[in-house]
Amino acid sequence: MSRRWFITGGTPGNFGMAFAEAALETGDRVVLTSRRPQELTIWAAQYGDRVLVVPVELTDADQVQDAVRAAEEHFGGIDVLVNCAGRGWYGSIEGMDESAMRAMFELNFFAVLSVTRAVLPGMRARGSGWIVNVSSVAGLVSAPGFGYYSATKFAIEAITDALYDEVAPHGISVLTVEPGAFRTNAYTGFSSEPINEPILDYHDMLEQVRAVFVGMDGVQPGDPCRGARAVIAAMAQDPPPRKLVLGNSGYDAVITSLEKALADLRKNETLSRSADFPI
């Protein structure tokens, strides 16, 4: 039987669309959320009743509940949830505008919780389902200028790890996906956005950060369609992985970071073990 997907972040040129098309390739059915559903009208029409586009502001918990209810009523349930929507702002830890920082957490973290909590009751009732949370390589490797974005993704990593063990007894599988640099619209607009940083000491650092992302826009090595297909392949493994890093550069960066962290821990093993009461 075909699976019923609920995918957030239905913006043309981004990962949500890639997941939707990959699911449709396998014969599945898709509910795709979007803040601008009119942009998806022509795309959705080619799939007929296999696609439902639902307008929703993901930071509005009531709209999220309505969207999940509409999906369940339309297809009879949700088998796979892909939390894909998100956005990154850059700025220093000291100087980043607090409203921007909080807005990033609302979308990248709290909205993910809202959608997940709305979908889980139906999955528990059926005793099956998949939760796929799209984090980022930045959720495993933080970088200067993107500390708050990384923090939202580190939070996704933590909550998804706990969720994995909480829902496994109920027949629900969980996967964290960490894409590296993929050719989506994520970097579009960086060149025209002014650096909103009140502390001049950080301007040079942020200029370098912006230059890197502007230079990569449109030439990122990752293919979103191949990435989405890799996720579906991982879900079919027995057993499936708990985490899946996507892309060569992302994989290398994560492995390097973890190896350095492990070496540092082992270097200070004696100090770590000295902190307990003497036996």
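The charged end of R242 sits over the ring of Y164, at 3.8 Å from the ring centre. This is a predicted model. Seven aromatic pairs occur in the structure. One of the pairs is F146 with Y149, and the two planes meet at 85°, so this pair is edge-to-face.

**Aromatic residues**
- Ring centres of F146 and Y149 lie 6.0 Å apart; an angle over 60 degrees counts as edge-to-face, so the 85° between their planes puts the pair in that class.
- F146 has 10% relative accessibility and counts as buried, because the cut-off is under 20%.
- Y149, at 17%, also counts as buried.
- Y90, F146, Y149 and F213 belong to one aromatic cluster.

**N108 and its surroundings**
- N108 lies in helix α4, which spans residues 98–126.
- The relative accessible area of N108 is 0%, so N108 is buried.
- The side chain of N108 makes a polar contact of 3.3 Å with the side chain of T152.
- Beyond its neighbours within four places in sequence, N108 touches G86, R87, Y149, T152 and I156.

**Strands β6 and β7**
- Strand β6 covers residues 172–179 and pairs with β7 in the parallel sense, over four bridges.
- T176 stands opposite K243 of β7.
- Side chains alternate along β7, residues 243–246.
- L244 and L246 point to one face and are buried.

Note on methods: Residues numbered from 1 in each chain as written. Predicted model: local features only at pLDDT ≥ 70, side-chain atom pairs only at ≥ 80, totals over all residues. Heavy atoms only, no water. Phe/Tyr/Trp six-rings, centres within 6.5 Å; stacked < 30°, edge-to-face > 60°. Buried < 20%, exposed > 50% of the residue type's maximum accessible area, 1.4 Å probe, protein only. Lys NZ or Arg CZ within 6 Å of the ring centre and 35° of its normal. Helix = DSSP H or I, 4+ residues; strand = E, 2+ residues; numbered from the N terminus. Pairing = 2+ DSSP bridges. Polar contact = N/O pair within 3.5 Å; in protein donor to acceptor, adjacent residues only side chain to side chain. Contact = heavy atoms within 4.5 Å.
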